[in-house]
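Biologist: I would like to learn how to read helix packing and nonpolar cores. Can we work through an example?

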Amino acid sequence: MFLVGLTGGIASGKSAVSSMLRELGCPIIDADVVARKVVEPHTPAYSRIVYHFGPDILLENGEIDRQKLGQLIFTNEEKRRLLNSITHPEIHKAMLKEIVLYFLRGYRYVVLDVPLLFETRRLTKFLNHTVVVYCDPATQLSRLMQRDGLTQEQAEQRVAAQMPLNEKRGLASHVIENSGSREDTHRQVLRLHTKLEDSMDFLLVRVIAIAATAGLSGILLYAAKILLS
C-alpha cells in the first residue's frame with residue numbers, strides 16, 4: 001500500500017473529488033474529520049486545550065467552540081503555535097492508526113485528504129503521489145461567493161489568505177482541473193484512479209514491510225536462542 005495526498009484551495013472542489021474517489025471504493029482519511037475527533041471531550045488534546053485556553057472556549061455541551069478558538073489564535077502567532085503543538089501530534093497519530101488498518105485490509109493505496117498539505121509539508125515526505133484540485137481564479141471566486149454568500153471583496157480576502165492554487169499545482173504530481181463540468185472532473189478522477197490502481201508502488205512498500213517483519217522476527221528468534229542456551 002502507498003499513500004496519496006489530496007489537497008486544493010477554498011472552493012476549488014477538493015471535497016467533490018474526495019467524494020468521487022470514495023464512491024470508487026478508495027479509502028479516504030480526512031484530516032479535518034480527524035482534527036475534530038482528537039479534540040472531542042475527554043481526549044488528551046481536549047484537556048490540554050482547555051487547560052491552556054480556559055473554559056471560556058467551551059460550548060454549553062462541553063465541546064470546544066471552534067469558532068471562538070479560531071478567533072483567539074487568528075491574530076496571535078504564539079497561541080497558534082501552542083494549539084498546533086497540542087493537536088498536530090494527536091492528528092498524525094490518529095491518521096497513522098487508520099493507515100495501518102487499511103494496510104492490514106490489503107488496500108493498494110490510501111488517500112490523505114489534507115487542506116494544508118503543501119503549507120505544512122509535514123506529510124509530503126511520506127507520500128508517493130500528490131493531487132491538487134485546481135480551478136481558475138474567476139471560477140474559484142464565483143463559487144465561493146455563491147456558496148458562502150460573500151461579496152467579491154470578502155471572497156478575494158479569503159482566497160488571498162491561502163497559498164495560491166497555481167503554486168500548489170506546480171508542487172503536485174497530479175492535477176485535477178475542476179473549472180469545467182462535474183462530468184469532466186469525474187472523467188479525470190476515473191483516469192487518476194486507474195493510474196493509481198495500476199501503479200506498482202504498493203509492491204515495493206509491501207516487500208519492505210515483509211522484509212522488516214521477517215528481519216525483526218529473526219532478531220527475536222536469535223535473541224531467544226541466546227537466552228535459552
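Biologist: At what angle do helix 1 and helix 10 pack, and how far apart are their axes?

Modeller: First, note that this is a predicted model. The general idea: two packed helices are described by the angle between their axes and the distance between the axes. Here helix 1 (residues 14-23) and helix 10 (residues 182-198) pack at about 55°, and their axes are 10 Å apart. That angle makes helix 1 oblique to helix 10. The crossing of helix 1 past helix 10 is right-handed.

Biologist: Which residues of helix 1 and helix 10 meet?

Modeller: Helix 1 supplies A16, V17, M20 and L21. Helix 10 answers with R182, T185, H186 and V189.

Biologist: What about helix 3 and helix 5: what is their packing angle?

Modeller: For helix 3 and helix 5 the angle is about 170°, with the axes 10 Å apart. Angles over 145 degrees count as roughly antiparallel, so helix 3 and helix 5 fall in that class. Helix 3 passes helix 5 in a right-handed crossing. On the helix 3 side, the contact uses A45, R48, I49, H52 and F53. On the helix 5 side, it uses K79, L82, L83, S85, I86, T87 and E90.

Biologist: Now the cores. How many residues are in the largest nonpolar core?

Modeller: The general idea: in soluble globular proteins, nonpolar side chains tend to be buried together. In this model, the largest nonpolar core has 35 residues. I29, I49, M95 and L112 have the most contacts inside it. Elements giving two or more residues to this core include helix 3 (44-53), helix 5 (77-104) and strand 3 (109-113). Helix 5 gives the largest share, 6 residues. The core also draws at least three residues from each of domain 1 (1-27 + 107-198) and domain 2 (36-93).

Biologist: Which residues does L112 touch, leaving aside those up to four places away in sequence?

Modeller: L112 touches L3, V4, G5, L6, I29, M95, I99 and L127. Two of these, I29 and M95, were listed with L112 for the most contacts in the core. There is also a second, separate core of 16 residues, which includes M20, Y109, V133 and I176.

Biologist: One last residue. Is D136 buried, partly exposed or exposed?

Modeller: Buried means under 20% relative accessible area, and exposed means over 50%. D136 has 27%, so D136 counts as partly exposed. D136 lies in the loop between strand 4 and helix 7 (137-148). Its C-alpha atom is 8.7 Å from that of E177, although the two residues are 41 residues apart along the chain.

Note on methods:
Residues numbered from 1 in each chain as written. Predicted model: local features only at pLDDT ≥ 70, side-chain atom pairs only at ≥ 80, totals over all residues. Heavy atoms only, no water. Core = buried A, V, L, I, M, F, W, Y, C linked by side-chain atoms within 4.5 Å. Buried < 20%, exposed > 50% of the residue type's maximum accessible area, 1.4 Å probe, protein only. Helix = DSSP H or I, 4+ residues; strand = E, 2+ residues; numbered from the N terminus. Domains from an automatic or database assignment. Contact = heavy atoms within 4.5 Å. Axes fitted to C-alpha atoms, helices over the stretch in contact; angles between N-to-C directions. Parallel < 35°, antiparallel > 145°, perpendicular 65-115°, else oblique. Left-handed = near helix turned anticlockwise from the far one by under 90°.
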